[in-house]
Amino acid sequence: MYKLYSGLIGVLIAIMLVFNGVLASNIGNYSSTVIIHIIGLIGISFVLIINKTKFNSYKDIPIHLYSAGAIGVFTVLFNNISFNHLGVSLTLALGLLGQSFASVVIDHYGLLGMKVVKFKKDKILGLILISLGIVIMNLY
């Protein structure tokens with residue numbers, strides 16, 4: 001089931017990228033980023049209300065973990081900027097390549113509190129093929 005969710009995430013990200021990029025084209029990168037996050041806040045608020053989830057104070061969680069919200073803002077902003085110059089396919093492909101390389105480094109060294117999952121040389125071929133595909137997309 002989780003693999004299905006992961007595939008669905010890919011579809012949703014592609015759709016989101018288009019909607020966000022077109023919105024940014026019409027009203028600007030910064031205004032669209034604010035609107036996108038306000039709509040997201042409203043949406044998750046409805047989910048919390050419908051599920052009757054209490055919003056607790058989480059005092060035991062390190063403050064740096066809350067920075068994911070800021071990272072989300074910059075992710076949307078950079079996607080919006082890139083979308084207008086690169087299009088959906090290349091923006092998404094380069095983003096996924098960046099995610100792949102970052103996740104390999106995070107897993108291999110156990111960064112950010114993650115469990116160490118050593119990089120196996122077998123995965124190099126996959127990363128090379130993905131990189132080569134993106135180079136070809138960029139050229140043609």
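Student: What should I know about the model and numbering first?
Tutor: The model is predicted: local features need pLDDT of at least 70, side-chain atom pairs count only at pLDDT 80 or more, and totals for chains, interfaces and linings use all residues. Residues are numbered from 1 along each chain as its sequence is written, and side-chain values use heavy atoms, with hydrogens and water left out.

Student: How many helices and strands does the protein chain have?
Tutor: Four helices and zero strands. Both are DSSP runs numbered from the N terminus: helices are H or I with at least four residues, strands E with at least two.

Student: At what angle do α3 and α4 pack?
Tutor: About 155 degrees, with axes 10 Å apart. Axes are lines fitted to C-alpha atoms, for helices over the stretch in contact, and angles run from 0 to 180 degrees between N-to-C directions. The two are therefore roughly antiparallel (over 145 degrees).

Student: Which residues meet there?
Tutor: Among them, Leu 90, Leu 94 and Phe 101 in α3, and Ile 130 and Ile 134 in α4. Contact means heavy atoms within 4.5 Å.

Student: New topic. Which residues of α1 are buried?
Tutor: Leu 17, Asn 20, Gly 21 and Ala 24. Buried means under 20% relative accessible area (1.4 Å probe, protein chains only).

Student: And what covers them?
Tutor: The cover includes α2 (29–50) and α3.

Student: What happens just after α1?
Tutor: Gly 28 takes a positive phi of about 105 degrees.

Key: Parallel < 35°, antiparallel > 145°, perpendicular 65-115°, else oblique. Buried < 20%, exposed > 50% of the residue type's maximum accessible area, 1.4 Å probe, protein only.
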